[in-house]
Amino acid sequence: MKNELNRNYSEVTEFILLGFRTHPKLQSLLFLVFLLIYMVTVVGNISMIIVIKMDSRLQTPMYFFLRNLSYLDLCYSTVIAPKTLANFLSNEKKISYNGCAAQFFFFALFVTTEGFLLAVMAFDRFSAICSPFLYPVHMSQKVCVQLVTGSYICGGINSIVQTGFTFSLRFCGDNRLDHFFCDVPALIKISCVDTFVNEIVLFILSALIIITTISVILVSYVYILSTVLKIPSTRGRNKTFSTCGCHIAVVSLFYGTVFFMYAQPGAVSSPEQTKIVAVFYTLIIPMLNPLIIV
C-alpha cells in the first residue's frame with residue numbers, strides 16, 4: 001500500500017498538526033490551560049536559573065546541575081508550547097517540512113540531554129554522600145562542565161541520528177500528523193515507505209539511552225542507600241534522604257513517560273494515548289520540576 005502511495009503522490013512540503021480533536025469551543029479552553037502551564041513553566045525555570053546564578057551560597061556542583069536542568073526544561077517546553085498554542089487559535093494548523101524537522105531536532109536534543117543530565121546528577125549525589133572527602137576533586141568545576149558538555153554531545157548524537165533517519169523517509173499524499181507536535185511515532189505512521197528499520201532504530205536508541213542512564217542512577221542510589229543506612233543520626237539520614245528524594249521524584253516522572261513513549265515496540269499504535277503522555281513530559285514535567293526541587 002505504501003509503495004502505491006509512493007508512486008501516485010508528490011512529496012509533501014508541509015504537515016498539518018491535528019492536535020486535540022475536540023469541539024471548537026473546547027479549543028479556547030485548552031489554549032488557556034496550556035498557556036497557564038507554559039507561563040508557570042517559564043516563570044518557575046527562569047526564577048530557578050536567576051536565583052542559583054545570583055546566590056553565592058548556591059555555587060556548588062549540585063546547584064550547577066539544577067540550573068542546567070531548569071535551562072533544559074525551559075528549552076524543550078519552548079520548542080513545543082508556542083506552536084501548540086498558536087494552533088489552538090488557528091484553523092490551518094500547518095507547519096512546514098523544515099519547521100517540523102527543526103522542531104523535532106531540538107526537542108530530541110534537549111530531552112535526551114536531560115536524560116543524561118539526570119544520570120550525572122545521580123553520580124554527583126553518589127560522590128557527595130559516599131566520598132565526601134574526595135568530592136571536591138571528583139566534582140571540580142572543570143569536571144562539572146565536562147559532564148554537562150558530554151550530556152549535550154550524547155543528546156546531539158541521538159538527535160542527529162533520529163532526525164536523519166526520520167526525515168529520510170518519504171511522505172506523500174497524507175500530510176496530517178495525528179499529534180500536536182512533530183514526533184517520530186506520528187511521522188512514521190504517515191510515511192509512504194517501509195518504516196521497519198526506523199521503528200527498530202527508535203526502539204534500540206531509546207532502550208540504549210534509558211538502560212545506560214538508568215543503570216548509572218540505580219547503581220549510584222544503591223551505594224547511596226547503603227551509605228545512608230550507616231549514618232547513626234536519624235536527623236542526618238532524613239536530611240540525606242530529603243536531598244535525594246527530590247532527584248528520585250524528577251527521575252521517576254521523566255523516565256516513566258519517556259519509557260512509555262519510545263522504549264516499547266508498540267509505542268506508535270495509540271495516538272490519543274500518546275498525546276496525553278506527550279503533554280505530561282513536554283509541558284507538565286518542566287512545570288513541576290522547579291516545584292519539586294524547591
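Student: What is the mean pLDDT of the protein, and what share of its residues reach 70 or more?

Tutor: The mean pLDDT is 88, and 93% of the residues reach 70 or more; pLDDT is the predictor's confidence in each residue, from 0 to 100. This is a predicted model, where local features need pLDDT of at least 70 and side-chain atom pairs count only at pLDDT 80 or more, while totals for chains, interfaces and linings use all residues. Residues are numbered from 1 along each chain as its sequence is written, and side-chain values use heavy atoms, with hydrogens and water left out.

Student: Which elements have the lowest and the highest mean pLDDT?

Tutor: Helix α1 (residues 2-8) has the lowest, 49, and helix α6 (residues 141-166) the highest, 96. Helices (H or I, at least four residues) and strands (E, at least two) are DSSP runs, numbered from the N terminus. Where pLDDT is low, the predicted coordinates should not be read in detail.

Student: Why is S127 called buried?

Tutor: Buried means under 20% relative accessible area, exposed over 50%, and partly exposed in between (1.4 Å probe, protein chains only). S127 has 1% relative accessibility, so it counts as buried. This serine sits in helix α4 (residues 97-130). Not counting residues up to four places away in sequence, S127 touches P132, Y135, H138 and M139, where contact means heavy atoms within 4.5 Å.

Student: How do you know whether L253 is buried or partly exposed?

Tutor: The relative accessibility of L253 is 23%, so it counts as partly exposed. L253 lies in helix α9 (residues 234-262). Leaving aside neighbours within four places in sequence, L253 is in contact with F280, I285, L288 and I292.

Student: What makes D178 and K275 a salt bridge?

Tutor: A salt bridge is a side-chain nitrogen of Lys or Arg within 4 Å of a carboxyl oxygen of Asp or Glu. For D178 and K275 the N to O distance is 2.7 Å, so the pair meets that definition. The two residues link distant parts of the chain: D178 is in the loop between β3 (176-177) and α7 (184-190), and K275 is in helix α10, 97 residues apart. D178 counts as buried because its relative accessibility is 18%, and K275, at 1%, is buried too. A search of the whole structure finds 5 salt bridges. Another one joins D174 and R176, at 3.1 Å from N to O.

Student: Why is the aromatic pair of F107 and Y281 called tilted?

Tutor: The search of the whole structure finds 19 aromatic pairs. In this one, the ring centres are 5.8 Å apart, with 40 degrees between the planes. Rings of Phe, Tyr and Trp (its six-membered ring) pair if their centres lie within 6.5 Å; planes under 30 degrees apart count as stacked, over 60 as edge-to-face and the rest as tilted, so this pair is tilted. F107 in helix α4 and Y281 in helix α10 (residues 271-293) are 174 residues apart, and both are buried.

Student: What makes the nonpolar surface patch, and which helix gives the most to it?

Tutor: F165, F196, V197, I200, F203 and I204 make a patch of about 530 Å². Helix α8 (residues 196-228) gives the most, with 5 residues; V197 is one of the residues in that helix. Patches are made of residues with over 30% relative accessible area and no salt bridge: like charges are joined within 9 Å, nonpolar side chains (Val, Leu, Ile, Met, Phe, Trp, Tyr) within 5 Å.

Note on methods: Accessible areas come from the Shrake-Rupley method with a 1.4 Å probe; for residues, only the protein chains shown count as cover.
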